[in-house]
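Please walk through this model one region at a time. Keep the sequence and the coordinates side by side.

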Amino acid sequence: MQEIKEIINLPNGQIIEISTGKLARQADGAVVLKCGDTMLLATAVSKDEASPEVDFMPLTVEYQEKFAAAGRFPGGFLKRESRPSEYEILIARLVDRALRPIFPEDYHAETQVLIYLISADKNYPPDALAALAASSALTISDIPFEQPISEVRVVKINGEFIVNPSITEIESADLDLMVGGTLTDVNMVEGECREVDEDTLLEALKIAHEYIKIEIEGQIRLIEKAGKPKRKYEHEVNNEEIRQKLEEYCYPRLLEISRQHIKSKKERQQQFEAIKEDFLNQYSDEEREEIYPMVNRYFHEVHKRAVRQMVLDERCRLDGRRLDEIRPIWCEVDYLPSAHGSAIFTRGETQSLTTVTLGTKLDEQLIDGAVYEGTSNFLLHYNFPPFSTGEVKPIRLGRREIGHGNLALRALKNMIIRDEDNPYTIRVVSDILESNGSSSMATVCAGSLALMDAGVKMHKSVSGIAMGLIMDEKSGNYAILSDILGDEDHLGDMDFKVAGTTDGITACQMDIKIKGLSFQILSEALQQAKKGRLHILDIMNQTISISRSDYKPNVPRYAKLTIPREFMGAVIGVGGKVIQELQRETDSTIVIEEAGDMAIVDIFSTNKEGLEKAIKKIKAITTVPQIGDVYDGIVKSIQSYGAFVEILPGKEGLLHISEIDNKRVNDVNDYYKIGDHVQVKILDIDAKTGKFKLSHKALLNKDNTNNNKNRNKN
């Protein structure tokens, strides 16, 4: 065994060690990355041959955190790592999106990259190191991977940029971006901000890229020490005669349809597909079956080139729009009468129906990861049913749904005002009913509208827009597109989503298909996105511009009580008996949490009377009786010497037979039976036992009429 190491020294003082040759030696490439006490094992394996029917890059990236890395047991019944958490899926997506553009277009062998967290250090979050580990494993392997990449996190705290911060530092950041790139360009961005301007975002990307270059230079040194020659492959069978025929037949027809500016996606697809069918009709059924995979690939190449050329030459889009023009938009709120909040946002052929549900602290999501633990009181779920694109498919929750939902969540969460009037756990659900480009940004817009419709107080409205790019790398000619169509995403070079308010960016995500983008193009795209974002906000604000003044009738109402901590047990009761009975009687949800010497009681109920009843009962339980206080009590038991009267829940005192009436009482049963209400006054409280001495006689005149001029309690 020969272990080979490379050390990367970052300007912030962090030291990254990458080693190979010690672990996982049967993988095509394997490295262990160490930064502080955080350690990642990354492996890369690719099949020797590609499947004949595959004409794309079948890349799988998985990220998994071992709980032993943090000295913890996994939660759940099985007590072992199982399916990936949403956090692990999101990290895998970040790595995948930076790696995928770097593979050769004609490489089709199934490839798997696995990244394991094997040691955890909260000062060095693993998510910012995962792509560096994955790229290192690929670059030293014989898998055709054209150049190293890396990713870093950059945050801005108190006006200062920090690269690869600790978990604690991230929590107070105004900007939190994960940035991926090559030695020359940025090729992946994702993150959230607290209304930062475009120049600040661009500055953050530049700082991140300087660190990325240093990490890539370290990989290049590792390749020199441990790199393998890249394997030779031939995954595509080509026929130049067919390619030439298809080019001559299809290109002018595709260009002609592109210039017709057909607005309907379905109609446009049918006409494009008809051209391919017309070409294939020149061949017999046997020939057609043999050449179809090849024709399909060539047709996609020609289709892509025709559409791109039309846009670059004519500065006009497939649907006839200008480069910076937004599709028609209409919005509606309060569409669903029983939902706590609802909105429809429709832009062109993309539509989101979004709902908001307000719940209690018991509805919070538990986060149980190896590194991150806690709860979340804001959830956003994105659904993409197959009918939204006119297709028939199994309904599954995939990585795309999780990624789009997370992006929309990050766009909205910092604009929600969290105060005593908003103690709710908030769930936003976006159901995409139509899709033709940027459904995640439609989710941001619909989510903002639905939150305001629900009465959730927000600092400002939030909108989102997806920017595209078509670039001729040879000539340098390019076109930046606002509010891209599905076709423009599929055939273009960039999908750059930007969400924000009138005053700044709240979230962004960028994926590209080319190797990288210059900062000049990024700057232009951000400025054009701002113009489009403000246009969309203007239309949204015509529907609803500020949150409703009150929640809807079916939203749980809320009250908060602060009680001494020693009363928690009395409110909860043995085995939760008291609080469970309270919740049943008052139709409410009650949550108690310690807060130093006090306890916070949160009460939620859709029933106003129930809420008031719960408040009254809890106050009664937590009230400290004083000598001289008067109560309307309930007789709980009768003895020969007197009656035991409950003056407050769980608090009883003795009403002695001599304190019932001004005249002599021979039998308590002549005056009371169990369950009777009787007004009593506290005469004394035993200092040692805390027992109450009660009197009804003290409230009577000599003629036995009520003489209560004291304070009454119930």
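I8 has a bridge partner in β2, namely I16. This is a predicted model.

Now step back to the whole sheet. Its 6 strands form an open sheet with mixed pairing, in the order β1-β2-β3-β4-β6-β5. β1 (4–9) and β5 (59–65) are the edge strands, and each pairs on one side only. From one strand to the next, the twist averages 15 degrees. A helix accompanies the β5 side of this order. Helix α1 (residues 86–99) lies across β5 and β6 (111–119). Its direction is about 140 degrees to β5.

Strand β7 (residues 150–157) pairs with β9 in the antiparallel sense over 7 bridges. Within that pairing, R153 has M178 as its bridge partner in β9. Strand β10 (residues 186–196) also runs antiparallel to β9, joined to it by 7 bridges. There, L175 stands opposite C193 in β10. β9 and β10 form a hairpin, with 4 residues between them.

Next, the cysteines. A search of the whole structure finds 0 disulfides. C331 is in no disulfide: the nearest cysteine sulfur belongs to C445 and is 7.5 Å away. A disulfide would need the two sulfur atoms within 2.5 Å. C331 counts as buried because its relative accessible area is 15%, under the 20% limit. C35 is buried too, with a relative accessible area of 1%.

Finish at A442. Where does A442 sit? Its place is in helix α9 (residues 439–453). A442 counts as buried because its relative accessibility is 0%. Which residues does A442 touch, not counting those up to four places away in sequence? They are F345, R347, T350 and S352. S430 is 12 residues from A442 along the chain, and the C-alpha atoms of the two are separated by 8.9 Å.

How values were computed
Residues numbered from 1 in each chain as written. Predicted model: local features only at pLDDT ≥ 70, side-chain atom pairs only at ≥ 80, totals over all residues. Heavy atoms only, no water. Helix = DSSP H or I, 4+ residues; strand = E, 2+ residues; numbered from the N terminus. Buried < 20%, exposed > 50% of the residue type's maximum accessible area, 1.4 Å probe, protein only. Contact = heavy atoms within 4.5 Å. Pairing = 2+ DSSP bridges. Axes fitted to C-alpha atoms, helices over the stretch in contact; angles between N-to-C directions.
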